[in-house]
Each structure stands twice: as C-alpha cells, then as structure tokens.
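My notes follow in the order I took them.

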Amino acid sequence: MGKRATSPSADASPVTKSTTAPAQAERAAVDDEGMGEFEDQWEDELAGDEEFGEVIDAAEHDDDDDDENQERAEGEMDLDQQEEEQRPPSPKPYLPGGKLEEGEVLAPDLSTYPLLHSFVPTWPSLSFDILRDNDGEERRGYPVSCALVAGTQAQDPTANEVTVMRWEGLGKTRRDDNGSDDEDSDDEDTEDDPVLTYRAIPHKGGVNRIRARPLGGSLASGPPVPPDPYHVATFAETGKVHIFDVAPHLNSLLSPATASSTLSKLPLFTIDSHGRAEGFALDWAKPIGGASSSYRLLSGDIHSKIYLTTLTQSSVTPSPKPFLSHTDSVEDIQWSPSEATVFASCSADRSIRVWDVRVKDRKSVIGVAGAHESDVNVISWNLTTNYLLASGGDEGGIKVWDLRNFKGTKAPAPTPVAAFSWHTAPITSIEWHPTEDSCFAASGADDQVTLWDLSVEEDEDERPTGADADRLKDVPAQLLFCHQGQTDIKEVHWHPQLPGTVLSTASDGFNIFKALPFSQ
C-alpha cells in the first residue's frame with residue numbers, strides 16, 4: 001500500500017472538484033385552479049329545454065357534446081404538455097465512481113453542508129490531530145474556531161515541520177432562496193472571513209504520523225498552560241520518534257497577550273528504538289482513573305516491531321524489548337479506552353491483535369489472523385461501547401468487530417458484527433464518533449470521506465423505486481453521507497468540542513465540514 005502523500009506541483013491550487021449530494025427532486029404540481037372550475041355540463045341545456053319547449057335531436061346533441069369534449073380534452077393535454085416542458089429536469093444523485101458526460105462538473109450541494117471550508121497549506125500533511133482549545137465544549141454556534149497540529153510531507157526533506165494551527169472565523173454556509181451565495185450578506189461575511197494563524201517547529205524528515213497526548217478532565221477545562229506540557233509525538237520517515245511540547249506554541253495562538261516570546265524549535269525527546277525502520281503506527285495511552293505522573297506511548301514500525309515508551313515530567317524511558325507477534329508491517333495501534341494496560345494493533349499480515357503490556361513474553365493474547373482480504377490499514381476502538389473495534393483494509397472493506405468474540409489467532413476468525421464494501425480503494429483512516437457509539441467516519445484512497453450509523457435499519461418501504469432503483473440499490477442504509485472534493489485523502493477526525501464536525505487531510509489540503517445528518 002502506498003501511504004505517502006504525493007508532492008504538490010509548484011502551481012498547486014485549491015481543489016475545485018466536489019460531489020453533489022443526493023437532492024430531492026422538486027416536482028411542479030398542477031394547481032387545481034389551472035385545471036378549470038368544476039361545472040355540470042348539462043345544466044344549461046336542461047334549463048333551455050324547459051323554457052322553450054324545443055324538441056332536441058338526441059343524436060345531433062351527442063355529436064356536438066363529443067366535439068366539445070374532444071376540444072376540451074385536447075386543450076387540457078396541451079396545457080399539461082406545456083407545464084411538462086417548463087419543468088426543470090430533476091437533479092440526479094451522483095454516486096462515487098460515476099461517469100461524467102462532456103461538459104458536466106461536480107459541485108457540492110451546499111444545502112447538505114451547514115459548514116464547509118478548505119485550507120491549502122504550502123506542503124501536504126499525511127497526518128494531523130485535534131488540539132483542545134479554550135473555547136469550551138458542545139459548541140454549536142457560528143463562526144467556528146478550532147486548533148490542530150499537523151506534520152508535513154515536503155518535497156524538500158529539510159523543509160518539513162510540525163505546524164500548530166488556529167483556525168478562526170469559519171462561517172456557516174450561506175445560501176439565498178435560489179441556492180446561491182447570499183449577495184446581501186457582504187457585511188456579515190467580512191466578520192466571518194476565515195483566519196489561519198500558526199506556529200512552526202522544524203522537523204527532520206517527513207512526518208508519517210502525528211498524535212497529541214489525550215488530556216484528562218472536562219473538554220471545557222481547556223489545554224495545558226505553560227509550564228505544564230502538552231505533548232505531541234511524531235513518527236518520522238527517518239525511523240525516529242520525536243516528542244514535542246506544543247503548550248507554549250498553542251498558548252501563543254490562543255492568548256497572544258500573555259504568551260511567551262520564546263518558543264522552542266527542538267523536540268523534548270527523541271526515541272531511537274526503531275533504528276532506521278520508519279513506521280505509521282503511533283498512539284498515546286488514554287487517561288484512565290484520574291491524573292497520572294507518567295504517560296505511555298506505543299510506536300510500531302514496518303519491520304513488525306512495537307515499542308513502549310514511558311514519559312515523565314523530566315525523563316523518557318523506552319522499553320528495550322519490543323512486542324513481537326506480527327509478521328509484517330504494523331499499520332496502526334490503539335490503546336483501550338477502558339483498560340489501562342491493553343492495546344490493539346493491525347498489520348499488513350492481515351491480522352488484528354490485542355495485547356496486554358503485563359504479559360512478560362511480549363506476545364499478543366487474542367486476535368484474528370485473517371481479519372481482511374489484504375493488509376489491515378487502520379483500526380479504531382469505540383470510546384463508549386468498549387468491546388467494539390472498527391477496522392479498514394487495503395481491499396477497501398470496513399468491518400466492525402465484537403472483541404468478546406476474539407480468541408487466539410489460530411482459532412477460526414469470528415464473524416464481524418458489520419461489514420461494508422462501499423469504498424473501492426484502500427481505507428486510509430477510520431474513527432468512531434466521540435459520543436455516538438453507533439457512528440463512525442472513514443476515508444479511502446478513492447477520494448471519499450464517508451459517515452456511517454450502524455443503528456440505521458433498512459426499511460423495505462423506503463427502498464428507491466423508479467429510474468434510480470438500480471443505481472441506488474447497492475447504497476448501504478447505514479451510509480449517511482459521502483463527502484468528496486479532496487484528492488488522496490489520508491486521515492479523518494471528529495472534533496470532540498464541535499459536535500458533528502469532521503476534519504480531513506489530503507494531498508491537496510484540509511477540509512472541515514459538518515454534514516446535514518450530524519447538524520443537530
């Protein structure tokens with residue numbers, strides 16, 4: 001699997017391709033008044049008969065009525081034909097992979113995006129993570145702000161950096177009654193113009209993976225303030241694992257008036273356990289059971305080795321003995337959200353394994369040997385239903401596993417509780433929703449970010465009918481939203497302080513969006 005971000009060309013420009021979400025066809029109904037007022041066609045003739053006492057030839061009268069009815073019917077048909085000609089064609093939902101006719105382009109249906117913005121940095125980022133800010137939790141208003149940290153994949157190896165960013169002024173999608181941008185809101189738009197500020201830290205080599213240490217306490221408590229550290233780890237293409245303190249950099253963006261003028265340009269620690277073997281698997285242990293004086297970091301490399309590093313306020317202690325059960329590249333690692341000594345990993349050897357750091361021989365305790373048809377690229381541990389684990393494979397498949405069914409890797413593989421084959425290229429990222437235990441987001445090399453809800457059940461009465469029935473029959477009922485418009489998507493994250501908001505990174509930049517199904 002090719003995992004590196006492609007290097008941008010010198011004239012790279014913001015992405016313009018995007019997909020039109022399925023739209024409801026607006027059908028023009030024929031008004032009752034347009035059909036004419038109902039009247040008894042015999043009423044006048046009967047009144048005339050009684051008044052003048054004339055003898056009416058029934059046959060002749062029938063012929064006249066037939067001519068009149070025919071003329072009226074033809075007039076109504078002409079009216080219907082005119083109305084049909086005046087109706088605009090109903091938009092068709094675009095399905096990923098569909099063919100575009102000459103002159104057709106894809107455009108986002110802005111009615112399905114309460115929030116949609118993009119940022120194009122100088123160099124692409126293969127990986128990023130959300131940083132906690134001090135603006136509070138459960139933020140549903142506009143404009144939106146957020147903080148994140150990313151690592152670059154620069155064409156010039158000496159130009160790479162860790163970038164701490166602050167995005168502000170991300171306004172709500174504006175549309176007038178005709179579906180276009182509201183021209184009368186120019187004054188308000190100037191208040192919501194997005195602003196990007198950042199602090200850069202030089203980094204030796206491209207950044208394969210970057211992870212911020214999870215923080216304990218309420219989301220409303222804000223990030224650490226110097227001198228308390230806010231640790232961020234990177235796995236470099238050089239094989240080194242670096243640990244940085246980004247608290248001063250983030251504080252200088254959130255509180256410029258009180259920030260220190262001196263910002264470190266060096267990592268706190270560098271871990272050499274992997275030698276020159278680069279890797280993509282990296283994860284901090286989650287805070288369980290209150291505050292801790294030490295923090296644990298796992299890193300897995302392309303030579304199947306996983307190392308544990310313990311970090312204190314003043315020192316770092318790498319474990320000399322690796323965890324060894326995989327037989328190929330370790331692709332992703334996830335600490336358990338509920339058991340402090342347990343973690344899961346996935347590999348190019350097609351397996352998912354679960355480990356306990358207390359096991360002396362450093363071997364996995366349970367797992368699935370043939371979890372996917374090809375490499376298992378990514379995994380995500382459900383934060384609220386702790387026995388659910390989602391995985392994404394190189395074949396494009398997504399599976400959800402019940403860990404209670406896992407046994408030894410030599411045992412027959414359990415059946416996943418859910419499996420989807422919607423994506424047509426390798427899955428590059430997967431992440432459960434931070435609070436909704438049935439929802440997750442995934443991204444793929446087919447340039448899609450998909451949002452899912454496992455609680456949705458297919459209703460036979462709501463299956464598509466008519467001309468679109470065949471095209472839409474393979475769309476899973478659990479697929480709520482499909483976002484496109486980026487090329488070579490690498491990673492996707494939900495923002496825990498912005499309910500329903502998703503961020504993604506690709507070779508052509510970042511997107512931040514909120515989809516209509518998650519807008520409440």
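This is a predicted model: local features need pLDDT of at least 70, side-chain atom pairs count only at pLDDT 80 or more; totals for chains, interfaces and linings use all residues.

**Entry 1: strands 22 and 23.** Strand 22 and strand 23 (residues 439–444) run antiparallel and are joined by 5 bridges. I then looked at the connection. A hairpin of 6 residues links strand 22 to strand 23. I also checked what stands opposite Ile427. It is Gly444, in strand 23.

Is strand 22 enclosed or open to the outside? I went through residues 427–432 and found 5 of the 6 buried, so strand 22 is largely enclosed by the rest of the structure.

Entry 2: I read 4 strands in the order 22-23-24-25, with antiparallel pairing. Strand 22 and strand 25 (479–483) are the edges; each has a single partner strand, so one side of each is left without a neighbour in the sheet. I noted an average twist of 15 degrees from one strand to the next.

I found 4 bridges between strand 24 and strand 25, and the two run antiparallel. Trp452 has Leu479 of strand 25 as its bridge partner.

**Entry 3: the cores.** I turned to nonpolar packing. The largest nonpolar core has 18 residues. Those touching the most other members are Leu131, Val149, Val164, Tyr230, Val232, Val246 and Leu250. Strand 3, strand 4, strand 6 (207–212) and helix 4 (247–254) each give two or more residues to this core. Which element gives the most? I found helix 4, with 4 residues.

Leaving out residues up to four places away in sequence, Leu131 touches Ala147, Leu148, Val149, Val164, Ala212, Tyr230, Val232, Leu250 and Gln497. Another core, of 16 residues, lies apart from the largest one; Leu95, Ala390, Ile427 and Ala442 are among its members.

**Entry 4: Gln153.** Gln153 sits in the loop between strand 3 (144–152) and strand 4 (161–170). Is Gln153 buried or exposed? I read a relative accessible area of 6%, so Gln153 is buried. Its side chain makes a polar contact with the side chain of Asn208, at 3.4 Å.

**Entry 5: cysteines.** How many disulfides does the structure hold? I found 0. I then checked burial. Cys146 has 0% relative accessibility, so it counts as buried. Cys482 is at 17%, and it also counts as buried because the cut-off is under 20%.

Methods: Residues are numbered from 1 along each chain as its sequence is written. Side-chain values use heavy atoms; hydrogens and water are left out. A disulfide is a pair of cysteine sulfur atoms within 2.5 Å. Buried means under 20% relative accessible area, exposed over 50%, partly exposed in between (1.4 Å probe, protein chains only). Two strands pair if DSSP finds at least two bridges between them. A polar contact is a pair of N or O atoms within 3.5 Å; within protein, one must be able to donate a hydrogen and the other to accept it, and residues adjacent in sequence count only if both atoms are side-chain atoms. A nonpolar core is a set of buried Ala, Val, Leu, Ile, Met, Phe, Trp, Tyr and Cys residues joined through side-chain atoms within 4.5 Å. Contact means heavy atoms within 4.5 Å. Axes are lines fitted to C-alpha atoms, for helices over the stretch in contact, and angles run from 0 to 180 degrees between N-to-C directions.
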